[in-house]
Amino acid sequence: MIIIAEKLNGSIPTCAQAIAARDEAYITDLAIRQTAAGATFIDCCASVGKDEFEALKWMIETVQNVSDCPISIDSPDVHVIIEAMQLCKKPGLFNSVSGEGDKIDLAFPILTKPEYMEWEVMALLCDDSGIPKTATKRIEVFERIVAKANEYGIEENRIHIDPLVEMLCVTDDGAGVSIIIDVMRHIKAVCPKIHISGAISNISYNLPARRLVNQAFAALAIGAGMDSAVLDPLSRDLRGVIYAAEAMAGLDDFCAEYMSAFREGIFKA
């Protein structure tokens, strides 16, 4: 599993306070712990409406002072991400583009430049009409994004598709989960080299015992092809479920990675 570590996000109240106060100790601590827990990318999301670049600059520089983990630059503003890419010491994750407006036509040319050709990119399956309400409509957005990637020469293995995980509690029949799973399976079938991603914890908003809902969804999503996720790498229970689900999905020969992770203490019984 490609782990995009989620804890440095200004939408989390304690993190928002740390960003506002420029609390270096808070950011440093989470950067060190998420790196040690095995993060593939450390997500940096300022989640501020004003002076976003300055906040991101401070976050990225603070993280890179204590971690060699690549940065996921997380912003709805493509211009801010492009500017912040120059701050990163190694290729990271452009997080994100979507079918909205001209985001792709702004971002993809940058990702074809020699200095950025090792960067990966997160693409959300929404467009100017919002988040599509059916799997068919999300797949149509996916197809347009892939067509654009082919047009610009962006290799499939650089792309992470986020089908947009929504709250389980907003539907009374689990239809939202069914849509996500159907979209994931379609993507895996037609473009197996593309990474299937998403924010696991989105599924459990406004529910009690959120960790149980997150774990159940992670197992379902891995079975449908998810191999990249925005998650809390410090959650040992979730990490254990992920290793177990990957083994059951046939992605871990002889359960070697599962057993190794258990011996290393990544998760426990």
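Predicted model: local features only at pLDDT ≥ 70, side-chain atom pairs only at ≥ 80, totals over all residues.

Trainee: Which way do the residues of strand S8 point, and are they buried or exposed?
Mentor: Ser-228 and Val-230 point one way from S8 (residues 228–231), and Ala-229 and Leu-231 the other way. All are buried. Buried means under 20% relative accessible area, exposed over 50%, partly exposed in between, with a 1.4 Å probe and protein chains only. Strands (E, at least two residues) and helices (H or I, at least four) are DSSP runs, numbered from the N terminus.

Trainee: Why the two directions?
Mentor: Because side chains in a regular strand alternate between the two faces of the sheet.

Trainee: Which strand pairs with S8 over four bridges?
Mentor: S1 (residues 2–5), in the parallel sense. Pairing takes at least two DSSP bridges between the strands. Ile-3 has Ala-229 as its bridge partner in S8.

Trainee: New topic. How many residues of S4 are buried?
Mentor: Six of seven, in a strand spanning residues 93–99. S3 (residues 71–74) pairs with S4 in the parallel sense over three bridges.

Trainee: What links S3 to S4?
Mentor: Helix H4 (residues 78–85), in a right-handed β-α-β crossover. Right-handed means that, with the strands pointing away from the viewer, the path from the first strand over the helix to the second runs clockwise.

Definitions and conventions
Residues numbered from 1 in each chain as written. Heavy atoms only, no water.
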